[in-house]
Amino acid sequence: MIYEIRGVQVMLDSDLARLYECANGTKTINLAVKRNAERFPEDFYFQLTKNEYDNLKFQFETSRLSSHGGVICTIKSFLNQ
């Protein structure tokens, strides 16, 4: 899914992990970005604030965003460029 956050269109790391069928979910996506940081511009992604996360969760009225079995510590959103 594509969301608008901070005035830009983004995809959440969880949606990218599902799209690319990553066996380890968001861990795989975030580790790949971390290992290849030099390949991505500084503004390639940003971490959601708690308020932004709460707003997204409220929009869904479900716990889809926390379906990983617990509280999500960090959610990254990647710019849809």
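First, some housekeeping. This is a predicted model, where local features need pLDDT of at least 70, side-chain atom pairs count only at pLDDT 80 or more, and totals for chains, interfaces and linings use all residues. Residues are numbered from 1 along each chain as its sequence is written, and side-chain values use heavy atoms, leaving out hydrogens and water.

Now the overall layout. You'll find three helices and four strands; these are DSSP runs, numbered from the N terminus, with helices being H or I over at least four residues and strands being E over at least two. Follow the sequence along and the order reads β-β-α-α-β-α-β.

How much of the chain is buried? Of its 81 residues, 32% are, with buried meaning under 20% relative accessible area, exposed over 50%, and partly exposed in between (1.4 Å probe, protein chains only). The chain exposes about 5,800 Å², and carbon and sulfur atoms supply 51% of that; the areas come from the Shrake-Rupley method with a 1.4 Å probe, and for residues only the protein chains shown count as cover. As for contacts (heavy atoms within 4.5 Å), take those between residues at least 6 apart in sequence: 64% of them join residues at least 24 apart.

Now zoom in on the loop between strand S1 (3-5) and strand S2 (8-12), where arginine 6 sits.

Glutamate 21 is in the loop between helix H1 (13-19) and helix H2 (26-35).
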